[in-house]
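Reader: Before the terms are used, I would like to see what they rest on. Please show the sequence and the model.

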Amino acid sequence: MNIHPRPFDHPDAVKLNAQVQLEYAERYGDEGDVTPLDPSMFRPPNGLYLLAYDALDRPVATGGWRAQDRNDLGYSDGDAELKRMFVIPEGRGNGLARRILAALEDDARAAGRTRMVLETGTRQPEAIALYTSSGYSPCEKFGHYRTYESSRCYAKPLR
């Protein structure tokens with residue numbers, strides 16, 4: 001597997017984003033994650049978006065981070081927010097999510113961010129297991145879904 005930085009609006013990113021949105025919609029019975037995102041949010045040094053490719057150069061996983069600072073959505077100064085962590089079903093169980101997560105944490109740390117945060121939901125037990133086994137702890141809710149009962153927020157210090 002090869003992991004490469006790509007713009008959030010790269011055709012492969014758009015393709016996998018559509019897949020993850022379908023999975024969210026199936027799991028939660030809604031339209032998917034409607035958090036407003038813009039490609040500029042993932043441009044270094046204020047973010048990064050990664051795509052993993054298999055041996056046949058097919059996109060199989062994504063993940064990104066974007067800078068956040070204290071605001072009315074509950075973020076804190078120095079936050080780096082994980083977004084769109086996703087591995088296609090055929091690629092799961094190979095450690096791709098952990099590799100992408102580690103690369104994103106390293107990049108956010110190098111960019112001066114002090115805490116990695118993420119929001120997931122109760123219908124994503126695999127995501128919760130990944131994050132808690134990677135050193136993330138529950139934190140005060142933030143972001144677009146902070147008022148939803150199914151929302152779960154986690155944080156990990158980067159320093």
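Reader: What makes β6 and β7 a pair?

Author: Two strands pair if DSSP finds at least two bridges between them, and in this predicted model β6 and β7 (residues 151-157) share two bridges in the antiparallel sense. They therefore count as paired. Pro138 stands opposite Tyr154 in β7. Strands here are DSSP runs of E of at least two residues, helices runs of H or I of at least four, each numbered from the N terminus. Residues are numbered from 1 along each chain as its sequence is written. Local features need pLDDT of at least 70, side-chain atom pairs count only at pLDDT 80 or more, totals for chains, interfaces and linings use all residues, and side-chain values use heavy atoms, leaving out hydrogens and water.

Reader: Why are β1 and β6 called edge strands?

Author: The open, mixed sheet has the order β1-β2-β3-β4-β5-β7-β6. β1 (2-5) and β6 (137-138) each pair on one side only.

Reader: How do you know that helix α1 packs on the sheet?

Author: Contact means heavy atoms within 4.5 Å, and α1 (residues 11-28) touches β2, β3, β4 and β5. Its direction makes about 85 degrees with that of β4; axes are lines fitted to C-alpha atoms, for helices over the stretch in contact, and angles run from 0 to 180 degrees between N-to-C directions.
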